[in-house]
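Here's a walk through one protein model, taking a few residues first and then stepping back to the whole chain. Keep the viewer open as you read.

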Amino acid sequence: QVQLVESGGGLVQFGGSLRLSCAASGSISNIYYMGWYRQAPGKQRDMVATESITGRTNYADSVKGRFTISRDNAKNTMYLQMNNLKPEDTAVYYCNARPVSFPATDYWGQGTQVTVSS
């Protein structure tokens with residue numbers, strides 16, 4: 001069972017930057033997919049960015065060019081670098097891990113709040 005802990009959220013101004021971290025309880029080198037999701041009040045939880053075990057990345061259209069997902073296998077940590085933040089980025093951000101493609105089993109962190117002021 002994978003335990004995930006997010007950190008790095010906070011309050012930033014429009015156009016600011018944050019780097020979120022997701023520390024895993026064990027090795028992440030063999031986790032097939034890891035990603036970041038976010039959920040704003042009254043909205044569903046949406047994918048922000050994912051990275052496969054091969055390094056292939058996918059981003060939501062709304063964050064392309066602004067956010068970068070990465071893994072540091074040596075530190076068992078995943079990151080989300082967020083630049084040029086906008087108020088619409090305000091949400092709780094969750095770390096996700098899917099160790100294998102099948103059967104699909106997802107593990108989630110507790111979330112970290114990101115608030116972007118205008």
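This is a predicted model: local features need pLDDT of at least 70, side-chain atom pairs count only at pLDDT 80 or more; totals for chains, interfaces and linings use all residues.

Start at L11, which sits in strand β2, residues 10–13. Is this leucine buried or exposed? L11 counts as exposed, because its relative accessibility is 64% and the cut-off for exposed is over 50%. Ignore the neighbours within four places in sequence, and L11 is in contact with T115 and S117.

Now jump to R66, in the loop between β6 (57–59) and β7 (67–72). Here's an arginine that is buried, since its relative accessible area is 9% and anything under 20% goes in that class. What does R66 touch, once neighbours within four places in sequence are set aside? Its contacts are Q81, M82, N83, N84, L85, K86 and D89. I31, on the other hand, is 35 residues from R66 along the chain, with 25 Å between their C-alpha atoms.

One of those contacts of R66, N84, deserves a stop of its own. N84 lies in the loop between β8 and β9, and it has a positive phi of about 50 degrees without being a glycine. As for the surface, N84 is partly exposed, because its relative accessibility of 39% falls between the 20% and 50% cut-offs.

Another asparagine to look at is N76, in the loop between β7 and β8 (77–82). N76 isn't a glycine either, yet its phi is positive at about 55 degrees. With a relative accessible area of 22%, N76 also counts as partly exposed.

While you're checking backbone geometry, go to the bond between F102 and P103: that peptide is cis, with omega at about -10 degrees. P103 belongs to the loop between β9 (91–98) and β10 (107–108). As background for these backbone details, most residues other than glycine have a negative phi, and most peptide bonds are trans.

Next, the largest pocket. Its volume is about 200 Å³, and 13 residues line it, with R38, A40, K43, D46 and E88 lying nearest the centre. Which elements give two or more residues to that lining? They are β4 (33–39) and β5 (46–52). Sorted by class, the lining has 5 nonpolar, 4 polar and 4 charged residues.

Time to zoom out. How many helices and strands does the protein have? The count is 0 helices and 11 strands, so reading along the sequence gives β-β-β-β-β-β-β-β-β-β-β. Among contacts with a separation of 6 or more, 54% join residues 24 or more positions apart.

As for overall dimensions, the C-alpha trace spans about 40 × 30 × 25 Å along its principal axes. The radius of gyration is 13 Å, which agrees with the value near 13 Å for a compact globule of 118 residues. Of those 118 residues, 41% count as buried. The protein exposes about 6,300 Å², and carbon and sulfur atoms supply 46% of that area.

Definitions and conventions: Residues are numbered from 1 along each chain as its sequence is written. Side-chain values use heavy atoms; hydrogens and water are left out. On a 1 Å grid over the protein atoms alone, a cavity is a set of points where a 1.4 Å probe fits but cannot get out, and a pocket is an open set with protein on both sides within 12 Å along at least five of seven lines; lining residues have an atom within 4 Å of a point. Grid points are joined across faces, edges and corners, and a volume is the space filled by probe spheres set on the points. Helices (H or I, at least four residues) and strands (E, at least two) are DSSP runs, numbered from the N terminus. Ala, Val, Leu, Ile, Met, Phe, Trp, Tyr, Cys and Pro count as nonpolar, Asp, Glu, Lys and Arg as charged, and the others, Gly among them, as polar. The radius of gyration is taken over C-alpha atoms; the globule rule is 2.2 Å times the number of residues to the power 0.38. Buried means under 20% relative accessible area, exposed over 50%, partly exposed in between (1.4 Å probe, protein chains only). Contact means heavy atoms within 4.5 Å. Accessible areas come from the Shrake-Rupley method with a 1.4 Å probe; for residues, only the protein chains shown count as cover.
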